[in-house]
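Q: I have a structure open and would like to learn how to read it piece by piece. Can we walk through it together?

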Amino acid sequence: MSGRSWTIMAPLLASMLLVGLAVGSEEEEDGGGKKKPHVNHGKFKAEPWTDGHATYYGGRDGLTDTTDGGACGYKGELGKDYGTLTAAVGPSLYTNGTGCGACYELKGPKGTVVVTATNEAPPPVSGQKGEHFDLTIPAFLKIAEEKAGIVPITYRKVACERKGGIRYTITGNQHYSEVKVTNVGGAGDVVALWVKGNKRVKWTPMKRSWGQLWTTEVDLTGESLTFRVMTADHRKATSWHVTPRDWQFGKTYQATKNF
C-alpha cells in the first residue's frame, strides 16, 4: 500500500475501530446508578441431577392449587400463567421467596415432568433423600401412580420456557407501590428488581416483601416505567418503558421480551 493510500485509509480504519469498541462495550446502569459494561451471558443451562423425593397435594385439577396465591403470590389470573404442572418446594429451594418461579425437571418411577415452583413445601420427609417437592396431582401423575403417595426422584433446575414477555402487576398507592413479577423465562427466579421512570425517577432498587412481590416508597406515578429484572444466575433483562405515563394501579403490564 502506498503512503498516500495509507494516509487516506488510516482515519477510516480508526473510526471503524472506535465504533466497534463502542458497540462491544455498551454500558448500562446498575441498581446503584453506576455505569458498567453490559455483557451478554447467553441462555440458562440446566444444572446437574440430584436426589430428592416427591409427594402431592390439593385438588385433582391442579389449577386451584396454583391460583390460590400460595407462598409466592401467584394468585388468580397470574397463577394461570404456570398451568397445572406446579410444585411447592422445600425451604432450602424456596429460600424466603427467592426460589419462586424457578423450573425443575423431575424423574420418577413412571416418567418425567417439568414444574414451576409456586409455593413452599414442608421440610424433607424423614427417611427420604434430598429436597422435598410437593406436586399438584396432575404433575405427580406424570412421574408416579397416585397410590404411591411418596416417591424417590432425581431432579435438576432447568430453563423456564414462557410465552410472551415478563409481566409486571402494580398495586398500592402514590406513596407505596407494589410490583408482582410473573411469567419470567430463563432461570425464572427473580432475585433483584429495579425500576426507573422517564423523567424524575432514576434507577431505584426495589425490596422484596414476600414471594415475588416487590415494593418501593418512591412515587412512581406519572412516569413511563422501565423495570430491570435479575434472576438467580445473575442474568438481567430490561423491560424498557413497559408502562405508559398514565399507567394505573391494579393493572398488569407486559414487556415485549423475556430471557
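**Reading the model, feature by feature**

A: Let's begin with confidence, since this is a predicted model. The protein chain has a mean pLDDT of 86, and 81% of its residues reach 70 or more. Over residues 2-40, though, the pLDDT is below 50, and this stretch has 27 contacts in the model beyond near neighbours in sequence.

Q: OK, now the inside. Which residues have the most contacts inside the largest nonpolar core?

A: The general idea goes like this: in soluble globular proteins, nonpolar side chains tend to be buried together. Here the largest nonpolar core has 25 residues, and Y104, L106, F133 and L135 have the most contacts inside it. At least two residues of this core come from each of β6 (86-89), α4 (91-94), β7 (103-107), β8 (112-120), β9 (131-136), α5 (137-143) and β10 (151-158). There is also a second, separate core of 21 residues, with I166, V181, W247 and Y253 among them.

Q: Say I click on L135. What does L135 touch, leaving out residues up to four places away in sequence?

A: Skipping those close neighbours, L135 touches A54, T55, Y56 and Y57, then T86 and A87, and also L106, V115, F140 and I143.

Q: And V89: buried or exposed?

A: V89 is found in strand β6. Its relative accessibility is 1%, so V89 counts as buried. Leaving aside neighbours within four places in sequence, V89 is in contact with Y94, Y104, A117, N119, E120, A121, H132 and F133. Sequence distance and spatial distance are worth checking side by side: V89 and D134 are 45 residues apart in sequence, yet 6.3 Å apart in space, C-alpha to C-alpha.

Q: Let's move to strands. How do I read the two faces of one?

A: In a regular strand the side chains alternate between the two faces of the sheet. Take strand β16 (residues 213-216): L213 and T215 are on one side, W214 and T216 are on the other, and all are buried, so both faces are covered.

Q: Which strands pair with β16?

A: Strand β12 (residues 176-182) is joined to β16 by 4 bridges, and the two run antiparallel. Within that pairing, E178 has T215 as its bridge partner in β16. Strand β15 (residues 207-210) also pairs with β16 in the antiparallel sense, over 3 bridges. There, the bridge partner of R208 is W214.

Q: What happens at the turn between β15 and β16?

A: The hairpin of β15 and β16 has 2 residues between the strands, and G211 takes a positive phi near 50°.

Q: Now the charged side chains. How many salt bridges does a search of the whole structure find?

A: A search of the whole structure finds 5 salt bridges. One of them joins the side chains of D189 and K157, at 2.7 Å, N to O. This pair links distant parts of the chain: D189 lies in the loop between β12 and β13, K157 lies in strand β10, and they are 32 residues apart. Both D189 and K157 are buried.

Q: Where do R200 and E223 sit?

A: The side chains of R200 and E223 meet in a salt bridge at 3.6 Å, N to O. R200 is in the loop between β13 and β14, while E223 is in the loop between β16 and β17 (226-231), so the pair, 23 residues apart, links distant parts of the chain. R200 is partly exposed, with a relative accessible area of 45%, whereas E223, at 2% relative accessibility, counts as buried. R200 and E223 also belong to a network of salt bridges that includes D219.

Definitions and conventions: Residues numbered from 1 in each chain as written. Predicted model: local features only at pLDDT ≥ 70, side-chain atom pairs only at ≥ 80, totals over all residues. Heavy atoms only, no water. pLDDT = per-residue confidence, 0-100. Contact = heavy atoms within 4.5 Å. Buried < 20%, exposed > 50% of the residue type's maximum accessible area, 1.4 Å probe, protein only. Pairing = 2+ DSSP bridges. Core = buried A, V, L, I, M, F, W, Y, C linked by side-chain atoms within 4.5 Å. Salt bridge = Lys/Arg side-chain N within 4 Å of Asp/Glu carboxyl O.
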